[in-house]
Amino acid sequence: MRLNPFMGGASRRELEGEMAALSRSMAVISFKLDGTILDANENFLAAVGYTLEQVRGRHHSMFVTKEEAASSDYKEFWAKLARGEYQASQFLRMAADGSELWIEASYNPVLDAGGKPVKVIKFATVITAQKNREADMAGQLGAIRKAMAVIEFSLDGTILDANENFLAVTGYSLAEIKGQHHGMFCEPAYRNSPEYRAFWQKLGRGEYDAGQYLRLGKGGREVWIQASYNPIFDAKGQPTKVVKYATDISEQKAARQLAQAVAEAQAVIGRAKDRDLTQRVPMAGKEGEVADLCNGINELLDNMAQVIGAVGGISGKVAAAADRIASESVNLAERTEAQASSLQQTAATTEELAASIKTSAGNSRQAAALGDEAKTVASRGGAIVADAVTAMGRIEQASTAIADIISMIDEISFQTNLLALNAAVEAARAGDAGRGFAVVASEVRALAKRSSESANGIKELIGNSSEQVRSGVKLVQQAGKTLEEIVSAATRVAGTIADISSAAVEQANGVDEMARTVAHMDEMTQQNSMMADASSRLSRELQGETQALAGLVGAFRLGARSPADEMAANLRAMLPAAKPAAAPAARPLARTAVRVGSGGADGWAEF
């Protein structure tokens, strides 16, 4: 019997006791080797809803569907049991009322003393409720996986699996992410932060986390998800992996951001329409195109505030300038009258200057002739000095040759002295016979010595002479260079005098032209006086327009009191006090039409 391999040599009473215990706790039924039912306990009968009389003698197939009973697998199932092969699994069976029944069962062949199977006993536990719960859970998980993006991780964040929804949201294939770390979906700064490490440590401890998260899809595309990270526990309650269920909320997030940004922008623009430029659209939490839009609005308001501020500053400067123009126009007219009188005096002086310049031109021509003569004389002196330099060079060469001859004489004296010395030595060796020759040798030595001394003296004189000659050559060369410089200077002087003469002629012509110009300037100065009066009137008109501009700019609020606000306030305080300057009396000479403009408007003023 293969009911319990651990029974060993247990007694019959022990076996019966164990069987009784199994019968009390489990559903038990016995069969012939062909599947005919022999017996069944109350637990089994209660589970299937039959009585013992209704099942005894019938085949096991009464508990399965007709399709299963007719299948080859079912026939093979009983063939294995008849061969003594143990079978165990979860089985779907049919109850008496036709309802389905799930059991966890083992079919145990019972062997005789010879090891031959004689019957089959089945021990079963009804697991219908458990199976239904599992099916319900599997159905819910299947529905979740169909509706949501699902991804599984190991406790360290390594990706184990992901469904098609998740892959569609991120743009990756399963092969591209499986085995990679969850950090591939995060921005680098967050991925390397202590906060991210703490996130996975928390999940590794089995702690749940949920919220809205910014993640990166393929190509760095930003994706917002509403997700929950769910640790999965084993039978001992230890976390084994993490499953994340997520929903793509990128569009909703963008829509909410856009709606909020539009509302904030409308509020800021409304304040700007009321001439309040102190408000800006908040940038916190804004990204992508929404951030670009809000930044653009803020930059537009910044630029507008700068323009208004600049206009306020410029209007103040223009007003001050207009007032100054008005007052200075009077002074200009007065100075113009004085200038006209001065120009008349200048014309007379210019005529006198022209006569003087003509006289200077004649003198310059005479000086040019004298310069040419000086140039000729200096050129002749330069040629003479060049000849002297050549002669001094020849003298220097002769002195060098004499020095070479004296050196040769000195060498001969030295050799003569050496021969006389040798002759004296030989005379001494000859004794009395050579005494007379020794006297001659002594005289020869004395003569050679005097020759050498004379040659040295001459050599010294020649050296001094050569040095003097070289000094003379240098001086003559310097004189030659000086004469060349004199010639060059004389040439330049002659050229300069010629230029002066030419310039004097041109000056005389220019002074004549200047005299005519001064006369014309006198006429134009009278016209300028009339134009100064018109400028004064225009400046008073400009003051009025500037005051209106200051009022317009002052209506805008630019935040804290800015330099532009200060200028506008000063302008408003200054303009009413500005008094129009009195126009000077001018004598009309001519009427000239001149085009003038103020504040962008053109007009014609007649002078």
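Me: What should I know about the model before I start?
Reply: It is a predicted model, where local features need pLDDT of at least 70 and side-chain atom pairs count only at pLDDT 80 or more, while totals for chains, interfaces and linings use all residues. Residues are numbered from 1 along each chain as its sequence is written, and side-chain values use heavy atoms, with hydrogens and water left out.

Me: How many helices and strands does the secondary structure of the protein come to?
Reply: Helices (H or I, at least four residues) and strands (E, at least two) are DSSP runs, numbered from the N terminus. Here there are 14 helices and 12 strands. Among them is helix α1, residues 12–25, which holds S25, and helix α12, residues 288–430, which holds L421.

Me: Does S25 count as buried or exposed?
Reply: Buried means under 20% relative accessible area, exposed over 50%, and partly exposed in between (1.4 Å probe, protein chains only). S25 counts as exposed because its relative accessibility is 56%. L421, at 39%, counts as partly exposed. Of the protein's 607 residues, 32% count as buried.

Me: How far apart are S25 and T125 in sequence and in space?
Reply: They are 100 residues apart in sequence, and their C-alpha atoms are 8.6 Å apart in space.

Me: What share of the contacts with a separation of 6 or more comes from residues 24 or more positions apart?
Reply: Contact means heavy atoms within 4.5 Å. In this protein the share is 55%.
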